[in-house]
Amino acid sequence: KHITKILETAKSSYVGAFLKLASEIKFNTQQAQSNLKFLNTLKDMCHDLSDANPEDIPAALPKLINRIRMIWINSEHYNSRDAMTGMFRKMSNEIIKRCCVSLDLDEIFDGHITSSMKKLQNCVYCCEQYKEIYDKVGISYYEFKF
């Protein structure tokens, strides 16, 4: 406000650009604070997902997907198709990562076939359940606000 007053007093040609920039900063700050408030509701669930074994992931997905839906419905800034796609992409990547971490190629090549097959089956089941749970609980493509 002080700088604006000085620019206006000096009849500076920069006053308009400065006011526009100040307005953008204020809007983006409010947007970031709102996004942080909503994304913080996912924090614990995301930490749990990052530590989970593939067989434990399906049980956690309905709550996580419903929380993402809550963000999509209630957030004024984080409810775009791109934001939702990004969230689901990150969640999908984490599920894939957890599955990859659970598989040990050395065990497979050392002949531990039964345990390796069980782990692989758990990974496949996890991914199938993710798709099924998403289809049942998830935000459909047509629900996104454009």
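Is Thr4 buried or exposed? I looked it up and found Thr4 buried, at a relative accessible area of 13%; buried means under 20%, exposed over 50%, and partly exposed in between, with a 1.4 Å probe and protein chains only.

Notes on the model. I am working from a predicted model, in which local features need pLDDT of at least 70 and side-chain atom pairs count only at pLDDT 80 or more, while totals for chains, interfaces and linings use all residues. Residues are numbered from 1 along each chain as its sequence is written, and side-chain values use heavy atoms, with hydrogens and water left out.

Helix H1. I placed Thr4 in helix H1, residues 2–9; helices are DSSP runs of H or I with at least four residues, numbered from the N terminus. Leaving out residues up to four places away in sequence, I found that Thr4 touches Val15, Phe18 and Leu19, where contact means heavy atoms within 4.5 Å. Thr9 also lies in H1, but I noted it as exposed, at 63% relative accessibility. A polar atom of the Thr9 side chain lies 2.8 Å from the backbone oxygen of Lys5.

I found Lys11 in the loop between H1 and helix H2 (15–39). Lys11 is not a glycine, yet its phi is positive, about 50°. Most residues other than glycine have a negative phi. I recorded Lys11 as exposed, with a relative accessible area of 73%.

Largest pocket. I looked up the volume of the largest pocket and got about 160 Å³. A pocket here is an open set of points on a 1 Å grid over the protein atoms alone, where a 1.4 Å probe fits, with protein on both sides within 12 Å along at least five of seven lines; lining residues have an atom within 4 Å of a point. The volume is the space filled by probe spheres set on the points. Helices H3 (43–51), H4 (57–74) and H5 (81–102) each supply at least two lining residues. H5 gives the largest share, five residues. I noted Leu42, Cys46, Tyr78 and Glu94 among the lining residues.

Cysteines. How many disulfides does a search of the whole structure find? I got zero, taking a disulfide as a pair of cysteine sulfur atoms within 2.5 Å. For Cys46, the nearest cysteine sulfur is that of Cys126, 15 Å away. For Cys127, the nearest is that of Cys99, 4.3 Å away. I logged Cys46 as partly exposed at 36% relative accessibility, and Cys127 as partly exposed at 35%.

Note on methods
Polar contact = N/O pair within 3.5 Å; in protein donor to acceptor, adjacent residues only side chain to side chain.
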